[in-house]
Amino acid sequence: MTPGASQRIGGLVAKDLAELSRNPGATVPPILTAIAAMVPAFLITIVTPKISGEHVADAQELQRAAQRAAELLPELGLLAPNAQVQAFMFQQFALFLLLVPVVGSMALAAHAIIGEKIARTLEPLLATPISTIELLVAKTSAPFALTLALMWATLLVYVGGIAAVAEPDVWRALVGTRVVVMFFVVGPLISLVSLQLAIVISLRVNDPRSAQQLGALIILPVTGLFVAQLMGGFVVGVNALLAIAAGLAVVNAGLLYLGARVFQRENILMRWK
Amino acid sequence: MAGELVRAQSITRRFDSRVAVDALSFELSAGEILALLGPNGAGKTTTLRMLGGLILPTRGSVDICGERLTGRTAARLRRAIGMLTETPGLWDRLSVRRNLLTYAHLYNITKPRQAVDRALEIVGVLDRAADLAGSLSKGLRQRVAIARALLHNPQIVLLDEPTAGLDPASARHIRDVIAGLRAEGRAVLMCTHNLTEAESLGDRIAILNTRLLALDEPDALRRTLSGTRVEIDVEGAAGDAATIVKSFTAGGLEVRGAKLVLTSVDANLVPDVIAALVRGGIRIRRVTPEQRSLEDVYLALVNEREEVA
């Protein structure tokens with residue numbers, strides 16, 4: 001980076017934030033994903049038992065799974081049976097919220113990068129003193145910041161919703177190391193993978209929606225993990241999350257290398273058709 | 001050369017096996033407009049991109065303000081260059097001012113608002129600063145793009161088809177702006193398909209079709225490449241006159257009744273031709289020197305090149 005880099009990057013990030021915030025095509029899908037990721041937890045854990053007049057703890061299998069999970073997450077062990085099962089369910093569904101950084105990053109980055117490509121606004125940018133690495137940092141910063149903000153806002157709403165409608169103290173059982181690792185380590189790393197994938201995909205596609213569809217491939221592992229957790233009646237613990245984070249860090253390093261190779265002035269000008 | 005701001009020495013650019021620009025050399029000085037003409041795919045935009053430090057030549061070198069343009073120096077030297085790309089490339093969802101302010105940050109301009117207002121004033125769109133870029137007409141968008149190229153007060157301005165697709169009034173306005181750049185002592189390289197524009201604005205004209213086919217002042221270009229065409233109306237049949245004139249012209253000589261048509265004659269020899277006719281007793285009614293148009297010259301050069309290719 002050369003002198004004045006922060007002003008150049010800052011200027012471009014501010015522009016991207018302003019532009020993305022005025023683009024419903026970019027912002028609506030992540031917001032809808034956030035809502036869709038939260039709703040099932042409340043439907044299954046709160047609404048359905050209310051309608052049927054039962055408690056979630058009445059399901060023996062769930063109660064046994066919650067007790068097993070309490071060995072991994074001690075905060076569950078302090079709760080009454082019904083609250084314990086609720087907390088177990090909300091812990092499981094918390095993993096589903098990781099779809100927000102996946103979809104958010106991909107949607108926002110696709111618009112921030114492919115959108116510029118379609119509008120043919122990249123060449124004037126490349127004619128300025130900004131270096132390609134500065135451009136890369138700037139183009140990923142705005143989607144990254146917006147995605148993190150959305151993910152954390154989703155978490156707040158999720159916990160707030162639990163505090164409002166679940167058994168007392170269920171929300172407390174949620175706010176622990178597991179959630180911190182999930183949303184402050186794994187979430188940002190997933191977001192970075194998604195962003196970097198968007199850059200690599202940008203070389204080949206001319207439509208933000210195509211990029212999002214290709215990017216949807218990384219939804220599969222998250223969904224797979226969630227489904228496995230749900231079917232197996234276990235929760236992905238802190239150690240497993242840290243292992244996943246380490247794996248994501250490696251993937252990020254590989255994508256960074258690939259992205260830096262793709263994101264070259266000549267590539268952008270001559271091959272990004 | 002004094003005031004030389006751009007020097008391209010034998011620059012060549014290949015894209016895989018295709019040669020886009022081949023051994024192009026020229027200089028560009030302060031206060032000069034060089035018009036770059038050429039058919040589609042002739043390498044004009046590639047040339048501009050090489051001069052603007054967006055891509056590097058495969059061979060040859062570019063000096064900007066006396067300094068060699070390389071991968072290392074490109075970012076710094078781009079500060080001396082203002083570039084209008086083929087399309088305006090504005091962010092439609094943002095206002096005109098916001099568009100330019102972003103670029104002011106990219107150029108690390110210390111007083112961005114003043115710089116933006118000054119640039120918008122130069123191109124006459126300051127009153128539209130608050131409008132969304134997407135709401136502007138094509139002509140206004142082009143003016144804003146030119147303002148963006150001038151924002152950081154560059155010594156060198158590279159313009160890629162600045163008036164393409166504009167209505168006559170908008171094109172005229174932009175041509176006035178470009179002429180103003182010369183008056184301010186900037187070096188301007190302008191790619192265009194508009195021969196009239198090239199002729200009226202260009203101090204020199206370069207004709208490019210992968211290779212440089214010609215580079216000179218408009219008048220000289222017409223003269224040296226095609227020679228002068230002269231029509232001489234004489235009294236009576238022009239047969240005798242043709243015999244006298246024959247020795248002066250290596251090119252064509254045509255007799256049409258009482259009219260002699262000399263093509264490709266050296267303009268300096270025309271007075272001698274007239275004197276010889278008068279000495280030979282020929283009564284001359286009218287002499288009409290007629291230079292070929294730049295379009296003729298351009299088409300002749302480009303077609304010749306394509307035939308060779």
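This is a short tour of the model, stop by stop.

Before you start: the model is predicted, so local features need pLDDT of at least 70, side-chain atom pairs count only at pLDDT 80 or more, and totals for chains, interfaces and linings use all residues. Residues are numbered from 1 along each chain as its sequence is written, while chains are lettered from A and ligands numbered from 1 in the order in which they are written.

**Stop 1: a kinked helix**

Select residues 24–52 of chain A. This is helix α2(A), with a kink of about 45° centred on Leu43(A). The bend at a residue is the angle between axes fitted to the seven residues ending there and the seven starting there. Helices (H or I, at least four residues) and strands (E, at least two) are DSSP runs, numbered from the N terminus.

Now colour the buried residues of α2(A), among them Pro29(A), Pro30(A), Met38(A) and Ile46(A). Buried means 20 or more other C-beta atoms within 10 Å of the residue's own, with C-beta atoms placed from the backbone. Show α1 (5–21), α5 (81–94), α6 (99–119) and α8 (132–165) of chain A: they are included in what covers those buried residues.

**Stop 2**

Switch to chain B. Here lies an open sheet of 4 strands in the order β2-β1-β4-β5, with antiparallel pairing. Two strands pair if DSSP finds at least two bridges between them. The edge strands are β2 (18–29) and β5 (67–68) of chain B.

Select residues 4–15 and 59–64 of chain B. These are β1(B) and β4(B), antiparallel over 5 bridges. Pick Thr12(B): its bridge partner in β4(B) is Arg59(B).

**Stop 3: the core**

Which residues touch the most other members of the largest nonpolar core? Among them are Leu97(A), Leu98(A), Leu37(B) and Met190(B), in a core of 164 residues. Such a core is a set of buried Ala, Val, Leu, Ile, Met, Phe, Trp, Tyr and Cys residues joined through C-beta atoms within 7 Å. Helix α10 (residues 177–202) of chain A gives the largest share, 13 residues.

Centre on Met190(B). Not counting residues up to four places away in sequence, Met190(B) touches several residues, including Ile33(B), Leu159(B) and Leu201(B).

**Stop 4: where the chains meet**

Show both chains. 26 residues of chain B are in contact (C-beta atoms, placed from the backbone, within 7 Å) with 27 residues of chain A. On the side of chain B that touches chain A, α3(B) gives the largest share, 5 residues.

Conventions
Buried ≥ 20, exposed ≤ 12 C-beta atoms within 10 Å, placed from the backbone. Contact = placed C-beta atoms within 7 Å.
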